[in-house]
Amino acid sequence: MDKINVDHMLAIEEPFMKAPLEQLKRSLRQSQKLVERETQQVNSAISSMVNNHDNLSAAEVNKTLGELVERLQTLKRKLEEAKQEETQLIRRSKQRATDLNELSTFTSTTQPEFQRWCRTRMDRILIDYMLRNGNVETAERLIENSHLEHFADTSLFALVMSTERELREENSCRSALQWCVENRSALRKIQSTLEFELRLQEFIEMIRERKTPDAIAYAKKHLAAWSDTEMPRFQRAMTLLAFSPSTNCPPYKNMFDMSRWDHLAHQFRMVIFQLFDLPAQPLLHLLLQTGLSALKTPACVSADPTEHNRNCPVCHTETLGKLAKDLPLSHHVNSNLVCRITGDKMNEDNPPMRLPNGFVYSLNSLTDMAAKNDGKVKCPRSGQVFSFSDAKKLFIS
Amino acid sequence: MDSLIRNSDKLAKHHAGASQKSLNSLAQLISTLEQHTDPAQQQHAIAATTKQITEQLKDLYTNISKYGKLVEKTFKLDLTSIGSTFDHSSVLNESILLHFLREGDFATAQVFAREAQLELPSVRGQFEEMYQRVEEIRRHELTRAIEWAVDHHDRLDSLGIPLEFSLHRLRFLQLIEEGQVTEALAHAREWFPRFSAQSMAEIEHLMGIFIYSRRLPSSPYSPLFTEQRWEDIAHMFASAFCTLLGLSSMSPLTTAVGAGARALPIVCKVSSLLREKRLEWSQQNELPVEVPVPDEMRFHSVFACPVSKEQATEDNPPMMMPCGHVVCQVSLEKLAKGVRPGSIASGRFKCPYCPGLSVLSDAKRVYF
Ligand SMILES: [Zn+2]
Ligand SMILES: [Zn+2]
Ligand SMILES: [Zn+2]
């Protein structure tokens, strides 16, 4: 019976626990900004009314006040929406913790409840993979089948996918820039240049369309602000004005290249994952890389198919074995012997027995075989038949 | 973990209270403005409300950060330290598709194949029977699944798969739950004795249920009646079916991910150490540490020489001395050369693990 290492098992779930918290923080920050902006504007509207008092009719004052009230009501509605979303995120965070905590109640890896937990984990990991790859319908099916609504950060990934699509397919920075503006302070904290890159792209597109005056105006408005930190790149951007899209001069040719849009899409994804403390890759990738490596033995990659074991994922040379091709082999400081006949572990209780031809099988399997065949045993690998009494017990220290 | 859950309750309470307070003060501000009070008073109210909401938000933020710290403490793992890329999207998608097919989820497989633009492999025919039985089990119909298990009794038994008994047991519980006590008893008489050798304790436990047949929900047997049991059996059926077809008993993807759940935290630590030496864990020939996996995930024999601690290879195979102890060829030759002081002349040497004496030519190759 194998004990369950709860700490280790939980560790890999960290991204699932962190994502709702980062979303919560972002929601609070946005509310904060919204409140500051709106109240300030209402305040200054009142101030200007006071200053202008003599020139305003009572009707005008009423009208303005009415508008301000409406404005605050909109703010209130937005805060109510935020409250609802936050409540859901907190609930989700608790549900995730509760589901994961079930782990501490299991005593053995062979318990059906544990296997069920592992199946749900598999679905969780697959949902994460599907959402990241934009396989939304598959994700939805899995979410519904396994009742995992609270484990799927659907809206976050939907934002990533739709913004990426807009960049890649429509060649538009609109949503990406809007997101950058909303998250400007957070982006500054991680020293992200995403907004600069997006602005640069809009600038490049203006030059491509030969709208030189527009481009210059745009650069003044949006790029100049970056000249402190991105001076060389800012200068290079301005130099682009001297080149045409058909140029062969390398740095400028690259700037005109349409593949920049793909880079932007990728950069957007990486920045948003970084901001929400999500791994850059789906958890499935990380688990498969490390898991396949931990299972990989020289036998898996042997050209001799009889070395393979159908239960071993790495031995499936057409599927998972391909993924394991370049991964390190597992490391063993102690011997692990598995009987080729039964698949059972060979140890003091079920010791390895060497047949005269050198092949080793477990005592239990040979005893069973001998009992059914008048004390004879047949080596499944060579077909040779021996007397059970010729098998010699091995000691593996 | 428990404290995390307790704290999430606290956080929820705090959030509900604080955000309601903010909304209330905003509502109050709105009514102040609606009442056409003196502008100075209005501006004063605006400043007060802004201050109040800002403080509420700040408090909440601090609390969430604290909760985040607790999460970090509970789930201490930095996954960013293991950022190597993995470029096999089509092979991976095919493996996932096979996983859905294996798990008996043909509908999800279809949706995924369409979304990922993959061809659905022609396993449907092979798995047709499996899907039908699995679907029936999910609809709580067991008759045909039981027939299948009875038909394959011998093979299931020789492979040690307890499917047939599990199905009889489930059918028994179903009859009890439906109040068909006589039928349940007849079912038990017909099938349970066949499994008395392996499952006597469980049978005795099950038979005790007749005492409670009228008040199951309050009986000690109530945990047996979870909705989950149907899904568990559906999976057990799919797994047994695949094993009998000669396929792996578990979906290979499930096994690999299960191993990964054990390996990832360990490799993460190693990876950050290797990075300090500007090395990538995934570029190594062998993982620098052992990942302990449970016995059911050990598929191949691995022999690590007890003397040199190295894994045996084709060039340096495991050799058995006459006493039955096994070491690798290289270590054996070193022993024979008398590298160790106290080795005996004439090529005879002592086994490092027992008093047995041998000469080099006595050692025999073993194949695990
Ligand atoms: Zn293998
Ligand atoms: Zn050795
Ligand atoms: Zn010995």
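Reply: Helices (H or I, at least four residues) and strands (E, at least two) are DSSP runs, numbered from the N terminus. Here, E14(A) lies in helix α2 of chain A, residues 14-51. Residues are numbered from 1 along each chain as its sequence is written, chains are lettered from A and ligands numbered from 1 in the order in which they are written. This is a predicted model, in which local features need pLDDT of at least 70, side-chain atom pairs count only at pLDDT 80 or more, and totals for chains, interfaces and linings use all residues; side-chain values use heavy atoms, with hydrogens and water left out.

Me: Is E14(A) buried or exposed?

Reply: Buried means under 20% relative accessible area, exposed over 50%, and partly exposed in between (1.4 Å probe, protein chains only). E14(A) has a relative accessibility of 8% and therefore counts as buried.

Me: With which residues is E14(A) in contact, leaving aside its neighbours within four places in sequence?

Reply: Contact means heavy atoms within 4.5 Å. On that basis, E14(A) touches E72(B), F75(B) and L77(B). Within chain A, the C-alpha atoms of E14(A) and L278(A) are 8.9 Å apart, although 264 residues separate them along the chain.

Me: Which residues of helix α10 of chain A are buried?

Reply: In α10(A), residues 212-223, the buried ones are A215(A), Y218(A), A219(A), H222(A) and L223(A). Viewed down the helix axis they fall within an arc of 105° (taken from the directions from the axis to the C-beta atoms), so they line one face of the helix. P213(A), K220(A) and K221(A), on the other side, are exposed. The buried residues pack against α7 (174-182), α9 (194-208) and α11 (231-239) of chain A.

Me: Which protein atoms are the donors of the zinc ion (ligand 3)?

Reply: Donors are N, O and S atoms within 2.8 Å of the metal (3.2 Å for Na, K and Ca); water is not among the atoms, so sites may look incomplete. The zinc ion has C323(B) (SG), H325(B) (ND1), C351(B) (SG) and C354(B) (SG), lying 2.1 to 2.3 Å from it. Along the chain, these donors follow the spacing C-x1-H-x25-C-x2-C. C323(B), in the loop between β1 (318-320) and β2 (326-328) of chain B, and C354(B), in the loop between β3 (349-350) and β4 (357-358) of chain B, are 31 residues apart, and the pair links distant parts of the chain. C354(B) is buried, at 17% relative accessible area.
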